[in-house]
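The following exercises are to be worked with the sequence and the three-dimensional structure at hand. Each task is followed by a solution in steps.

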Amino acid sequence: MTTTTGSTALAATVEERLGDPYDTTNPNGFRAILAAREAGQPPAGEPFSAVGMNGAERGEVDPESLMHALRAGYRRSPTLTRSCGGAQWGSGAVTAGAAAVGTLDSGLRMTLRHLRARRLYGAAAIDIPQLRAELAGAYADLLLCDTLTTLAVRNTDAFPARPDAHDRMVRILVPRVLQGAMDRLSLAMGSRFYIREGEHPAFQLLLSEMQSALFAADGRPGRPPNPADAAAPLSGMTAADLTTAPAVTALCDPELLAAAPGHALITRAALITPGRGTPRPSQVALERLYAELDRRCDTGHSLDLAERPLPDRP
């Protein structure tokens with residue numbers, strides 16, 4: 001489905017030492033992080049800054065390896081990861097956007113697990129086509145953001161004929177796409193989203209922390225950019241410009257990227273009124289995306305281009 005990205009050895013070290021985030025006995029897991037947050041204390045587990053990140057702040061880790069390591073942290077807690085050293089490349093907005101792909105990874109897993117367990121109208125909620133399509137769309141958004149940020153980390157300009165367009169997409173479009181995907185997943189969680197049981201509290205924590213991390217990094221603590229201001233740098237671009245760019249298609253199948261609801265945010269009208277005039281993705285693409293999401297969650301692999309192994313239980 002995708003082309004493998006660069007080194008993930010550092011991320012593997014981070015994952016191994018932090019362990020399964022869904023393990024209720026793991027001092028670095030979601031339950032422990034939530035308990036510590038509610039008590040106003042740091043988690044009892046190993047500090048994120050000590051987890052395989054030696055040398056990152058001194059520039060001894062290449063940017064792509066660092067990106068994957070930060071995603072390993074962000075899929076557990078963006079706030080804890082940001083508070084442990086601040087290693088980054090480029091602008092804070094680029095780093096936060098690339099790392100927050102890991103947060104959306106967790107959001108997708110939690111939503112899938114919830115819908116598999118929930119019963120609606122006498123059947124598993126995950127069997128409802130509209131909910132599967134919602135998950136597939138959010139996964140396409142993840143791939144879109146991963147593709148754009150991976151290219152940025154590699155210093156590959158996806159749009160050489162449009163000066164600064166790629167950088168502005170990563171700084172402006174990617175945070176909105178990631179946040180929009182998490183917001184839609186929160187709706188898919190249903191009326192139980194605000195119940196403080198199961199994995200819902202962890203989802204709520206990730207949703208809040210990701211928004212703070214994304215928009216604080218660009219000087220807007222907890223707030224997305226003004227829609228009209230955000231539209232201007234992308235004026236004249238279309239979704240096709242994005243999904244057919246050679247550098248983009250070299251990393252990810254354009255049919256899958258075309259299914260991402262987030263690419264509609266490229267146009268001024270969509271930035272102001274998300275969803276208006278958005279073309280419907282092909283059913284084939286949605287089915288491919290859901291099948292891949294299902295497979296990776298069951299086999300314990302990350303949802304990004306790297307498809308690296310994870311310690312998560314099924």
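**Overall composition**

Of the 314 residues in the chain of this predicted model, 53% count as buried. The secondary structure amounts to 15 helices and two strands. Among contacts between residues at least 6 apart in sequence, 75% join residues at least 24 apart.

**Exercise 1. Determine which residues of helix α1 are buried, and on which side of the helix they lie.**

Step 1. Helix α1 spans residues 9-18, and its buried residues are Leu10, Ala11, Val14, Glu15 and Leu18.

Step 2. These residues cover an arc of only 135° around the axis, which puts them on the same side of α1. The spacing follows a general rule: an α-helix has 3.6 residues a turn, so residues three or four places apart point the same way.

Step 3. Ala9 and Glu16, on the other side of α1, are exposed.

Step 4. The partner of the buried residues of α1 is α3, against which they pack.

Step 5. Just after α1, Gly19 adopts a positive phi of about 80°.

**Exercise 2. Describe the packing of helix α3 with helix α5.**

Step 1. Two packed helices are described by the angle between their axes and the distance between the axes. For α3 (residues 63-74) and α5 (residues 92-99), the axes come within 8 Å and cross at roughly 65°.

Step 2. On the α3 side, the contact involves Met67, Leu70, Arg71 and Tyr74. These meet Thr95, Ala96, Ala98 and Ala99 of α5.

**Exercise 3. Identify which residues touch the most other members of the largest nonpolar core, and examine Leu135.**

Step 1. The largest nonpolar core holds 84 residues. Those touching the most other members are Leu108, Leu135, Leu143, Leu148, Phe159, Leu178 and Leu293.

Step 2. Helix α7 (residues 129-153) supplies the largest share of this core, with 12 residues.

Step 3. With residues up to four places away in sequence set aside, Leu135 touches Leu108, Thr111, Leu112, Leu115, Ile126, Leu185, Tyr290 and Leu293.

**Exercise 4. Locate Asp164 and Glu307, and state how accessible each is.**

Step 1. Asp164 lies in the loop between α7 and α8 (165-188). Although Asp164 is not a glycine, its phi is positive, at about 70°.

Step 2. Asp164 is partly exposed, because its relative accessible area of 46% falls between the 20% and 50% limits.

Step 3. Glu307 is found in the segment after α15 (283-299). Glu307, likewise not a glycine, has a positive phi of about 50°.

Step 4. The relative accessibility of Glu307 is 27%, so this residue also counts as partly exposed.

**Exercise 5. Is Thr243 buried or exposed, and which residues does Thr243 touch?**

Step 1. Thr243 belongs to helix α11 (residues 239-243).

Step 2. Its relative accessibility is 8%, and the limit for burial is under 20%, so Thr243 counts as buried.

Step 3. Leaving out residues up to four places away in sequence, Thr243 touches Thr249, Pro254, Leu257 and Ala258.

Notes:
Residues are numbered from 1 along each chain as its sequence is written. This is a predicted model: local features need pLDDT of at least 70, side-chain atom pairs count only at pLDDT 80 or more; totals for chains, interfaces and linings use all residues. Side-chain values use heavy atoms; hydrogens and water are left out. Axes are lines fitted to C-alpha atoms, for helices over the stretch in contact, and angles run from 0 to 180 degrees between N-to-C directions. Helices (H or I, at least four residues) and strands (E, at least two) are DSSP runs, numbered from the N terminus. Contact means heavy atoms within 4.5 Å. A nonpolar core is a set of buried Ala, Val, Leu, Ile, Met, Phe, Trp, Tyr and Cys residues joined through side-chain atoms within 4.5 Å. Buried means under 20% relative accessible area, exposed over 50%, partly exposed in between (1.4 Å probe, protein chains only). The arc is that of the directions from the helix axis to the C-beta atoms.
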